[in-house]
Every structure is written in C-alpha cells, then in structure tokens.
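Work through the following exercises with the model open. Try each task before you read its solution.

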Amino acid sequence: MIHSERIQKLNNLPVNNTSNFIVYWMQSSSRTEFNHALEYAIEKSNEIQKPLIVFYGLTDSFPEATERHYYFLLEGLQEVESNLIKRGIKFVVQKISPEIGAFEIAKDAALVVVDRGYLNIERKWRQFLSGKLDCSLIQVESNVVVPVEDASDKEEFAAYTIRPKINKKLNKYLVPLNKRKVNFSSNDYDFTTLNLLDLNNILNEFNIDKTVKKVSGFTGGYSKAKLNLQEFISGKLEKYETMRNNPVYDYQSNLSPFLHFGQISPLEIALEISKTEGQAKKNYLEQLIIRRELSINFITYNLGYDNYNTLNNPRWAEQTLEDHIKDKREYVYSLEEFEQAKTHDSYWNAAQNEMVITGKMHNYMRMYWGKKILEWTETPELAYKIAINLNNKYELDGRDPNGYTGVAWCFGKHDRPWKERPIFGKVRYMNANGLRRKFDVEKYVMKIKNLDIYNN
Ligand SMILES: Cc1cc2nc3c(=O)[nH]c(=O)nc-3n(C[C@H](O)[C@H](O)[C@H](O)COP(=O)(O)OP(=O)(O)OC[C@H]3O[C@@H](n4cnc5c(N)ncnc54)[C@H](O)[C@@H]3O)c2cc1C
C-alpha cells in the first residue's frame, strides 16, 4: 500500500496525454524492492496506459563524493538495471547532472515521478525540475518508515520528543509493499545509456577524487544488503544490545552504506527485524527508525545543517561552547594532520584509519572521534567543518542526514547539558579512560593495525 502521506505534487501541472511515456527519475531510492516511487510510477503507467522509463543521472560533481562512493553506487545500479529489464522497464543511465538529465528526458514525458531526497542539493535538483517541467511532477517518499511531515511538523528537540510521535504511527506504516504488474513494456525504447557492465570504463571518464579507493569489504547492491540483513538477524541481532558498542567485534548490521544509497529500504529492514523475537529487536528499531528518522527530521527542518553557525544548536550548547572558546587546547591539529591520523592519540588514529581503510568506522568510535576533533581544534566552527569533511569523504555512508546529525551530536545537538569542563563546557565529553573501561581498546588498535598492514 502506498499511503497518500508519501505522495506530494511538486507542481500543479496536469498529465500530458499527448506524450508517449512516463518517467521515474530514480535518485535517492536506487532499488527495485520496496520502492514506493517505482511502484507508484508503475501504477500510473498502467492507469494512463503509457510505458514507464526509469532514468538515473550520474554527475561527477556531487560534493565530496569519491571513487569509493561511485563504485558502490554503480554496483547497486547494475542490479537495478537487470531487475528492471526483467520487469519490462527500460533503465536509462546517463552521465549528466541529474536534474538536467531528468529535464531533458522529461520533455517527451506525460508525467514524472521522483523519489525524495533530504540533502540541500537533492532538494535543489527537484526544485529546478518543478520550475521547468511542462507536465506533472510527483514526489514519492520511500526512504523512511514514517513520512517526515506526518511524524512531525517541526524540528524535534531530541529522540525523546520524536519517539512517541513516530511510535504512534508505526502500525499504520509498517506494512509491506507489493510489486505491481507492468502492463506496458518499455524495453524496446531506444535511449543513449551508459554500459553498466564496465564500471572501470565509466569511472575513467569521471573527474572525481580517485585517491579514496574502492573498499574491499563492501559491494553495493540490494542483494548484498539483503544478505547482510539475513546474516545479521541469524548471527548478530541476539547480541546487538550488549555488543554493538564494542568495536573489537562486529555486532552491527553494517547496513548504513546501503541505506545511504537507497539500495535497501528501511521499511523492508524494519519488517524483517519485527518478525524476530526478543528485546534486541526493540533496540535495533530504536536506531533504525527513531534515531535515523530524527536525523532526517533535523535535516528537513534545518537547511543550515552543514555549517556550525547555522546548525540551530540548542541555546545551552551554543552558549557553553562560546564561553569556553578561549580555553587552552593542549593539542591543536590541522585538517591534514587529522586526515593522516597523526595525532598523539593511538585510539583516535586507529578510528581514523578504520574509516580511511574500510570506509566504515565503528559507531562507538565515531562518537569519540568527533568529540576529540572538537577538543583539538581552535574553534567549534572549524572543528565542525573538519569532522564533516572527513566523514563525508571517507565514510561509505557519509553525505547523509545521519552524518550531519552524528557530527552535530558531538557538539550538543539532541543531547542535554553535562558537568562543565574545559573546552566542552556543558557539552558531553569523552575520554580515553572511558574507552578502556568499556572494551579492550588496545585490541581494537591492533585490529586496525593489522588492516593497515594488509592494506599496504
Ligand atoms: C560523528 C558521527 C558521525 C556519523 N556519521 C554517519 C554517517 O555519515 N552516516 C550514517 O549513516 N551514520 C552516521 N553516524 C551514525 C552511526 O554511527 C551509524 O549510522 C552506524 O554506525 C552505522 O552502522 P550500522 O549500519 O552497522 O549500524 P547499526 O547499529 O546496525 O544500526 C542500523 C541502522 O540504524 C541507524 N543508526 C544507527 N545508529 C544511529 C545513530 N546514532 N544515529 C542515526 N541513525 C543510526 C543507521 O541507519 C544504521 O544503518 C554517525 C555518528 C557519529 C557519532
């Protein structure tokens, strides 16, 4: 079922009945399973009796995207293509800025459907198209369990304020999405499209940062995401509560890169997890739904999320960091020193190396990592910039609402005041002793050193 709350008209134009096909501009939900935008587009195609074309525009100028990200994205698109062909739907992938490509192909369209993206750039792309198109543009939201505006009509203060609002709606939205039958095939349509079988060739043509290489531990695509989910449920979920914060081991689901690229739906994950027994399910859904959708709430209602000065941080946090801005910093590092993991702290360096080498830093170390950047930088403004920059460049799941929110959390967002101390003021502080108390941090350092050796 596709709830009307997921569907939004982005302009007031009618369907153009003289055109030959309809277009689904796939951008943020790059999957064929549990994709409300795709199923909605198929419904429309059947209703107005015109075939459906799915379009994807690949730009090489997405801010902070690197070869690592493009590989993962393209591996996912390969699978999208073969699944769409099987359903009788033409998939057109072009090297072009997505909104321009969508506009070009939509010149001959009766109707355009697009999925919903939350970052400023994704919003701007949709705004551009809505102002230019000659036919109806409809956005369908598929990357959240509860549609953002239906969960809350304002920026929420913290998890405890959004949790009851989301929980109240879960029964309504936690429902499967059936695949629609495709009545009008578009496979015979002729469009210029990239050959997705040759990813190296595509990437050679792209002017992107090639210093951040593809990682060996993650391959993109829905099937890999689903396999991860199944392995997580059968082998890790039971211990999720007790072990997820121990970076020596791997008891997280590792689904964040797939979620980031829209290669798996949070709804599908939530439904699968809901079938399991026990307390772990509740803890996992707290992260997947409440925390993740709190991040999306923040980004949606706060367009200044990418700059410390426009974060709309809680007043107490802003004030306390300002009060301590002149506190002496024992260590101050530049972006390059952080990037090259050249701090005095072997734990922090290990976390940074984990991110650079594997493309995914463990959740617990992300908190320590972000807090220390705040502590070892001259101003919170600069610290925010450095943390966002590194996070977006190296994390496979970076450039995501969760990344901006996770970093902002290190500066007091969605948190409460704690005991006052230098530099941090009342913002929550973390130190190396805390790591030692929680887990065998030396073992974690060794684990990353071994990766390092293997990698070189
Ligand atoms: C400084 C900092 C930076 C971060 N950067 C990112 C980022 O760029 N991209 C990103 O997806 N997450 C980010 N996080 C949040 C969190 O660390 C990751 O979502 C998590 O580690 C992903 O691993 P997983 O999928 O194995 O998590 P699991 O524990 O298996 O959780 C399942 C899913 O729940 C959601 N989730 C888990 N923890 C959080 C959280 N704290 N906040 C919001 N959602 C959560 C994610 O979608 C995750 O995929 C950041 C956190 C911090 C403190």
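**Exercise 1.** Which residues in α15 meet which residues in α16?

*Solution.* First, the ground rules. This is a predicted model, where local features need pLDDT of at least 70, side-chain atom pairs count only at pLDDT 80 or more, and totals for chains, interfaces and linings use all residues. Residues are numbered from 1 along each chain as its sequence is written, and side-chain values use heavy atoms, with hydrogens and water left out.

Step 1: locate the helices. α15 covers residues 346–358 and α16 covers residues 363–375. Helices (H or I, at least four residues) and strands (E, at least two) are DSSP runs, numbered from the N terminus.

Step 2: list the partners. From α15 come Y347, W348, A351, Q352 and M355; they meet M365, Y368, W369, K372 and I373 of α16. Contact means heavy atoms within 4.5 Å.

Step 3: sort them. The contact of α15 with α16 has eight nonpolar residues, one polar and one charged. Ala, Val, Leu, Ile, Met, Phe, Trp, Tyr, Cys and Pro count as nonpolar, Asp, Glu, Lys and Arg as charged, and the others, Gly among them, as polar.

Step 4: The axes of α15 and α16 are 10 Å apart, at an angle of about 115 degrees. Axes are lines fitted to C-alpha atoms, for helices over the stretch in contact, and angles run from 0 to 180 degrees between N-to-C directions.

**Exercise 2.** Describe how α17 and α18 cross.

*Solution.* Step 1: α17 (residues 380–394) and α18 (residues 401–410) have axes that come within 10 Å and cross at roughly 145 degrees.

Step 1: the crossing of α17 and α18 is right-handed. A crossing is left-handed if the near helix is turned anticlockwise from the far one by less than a right angle, and right-handed if clockwise.

Step 2: α17 supplies Y384, A387, I388, N391 and N392, while α18 supplies G403, Y404, V407 and A408. These contact residues comprise six nonpolar, three polar and no charged.

**Exercise 3.** Which residues of α8 are buried, and which are exposed?

*Solution.* Step 1: check the length. The 14 residues of α8 (residues 222–235) should span 20 Å at 1.5 Å a residue, and its end C-alpha atoms are 20 Å apart, which agrees. The expected span is 1.5 Å times one less than the number of residues.

Step 1: Y222, A225, K226, L229 and F232 of α8 are buried. They lie on the same side of α8, because they cover an arc of only 125 degrees around the axis. The arc is that of the directions from the helix axis to the C-beta atoms. An α-helix has 3.6 residues a turn, so residues three or four places apart point the same way.

Step 2: S234 and G235 are exposed on the other side of α8. Buried means under 20% relative accessible area, exposed over 50%, partly exposed in between (1.4 Å probe, protein chains only).

Step 3: the cover over the buried residues of α8 includes α2, α9, α10, α11 and α12.

**Exercise 4.** Where is F34, and is F34 buried or exposed?

*Solution.* Step 1: F34 sits in the loop between β2 (21–25) and α1.

Step 1: F34 has a positive phi of about 50 degrees, although it is not a glycine.

Step 2: F34 counts as buried, at 17% relative accessibility.

Step 3: look at α1. Ten of its 13 residues are buried, so α1 is largely enclosed by the rest of the structure.
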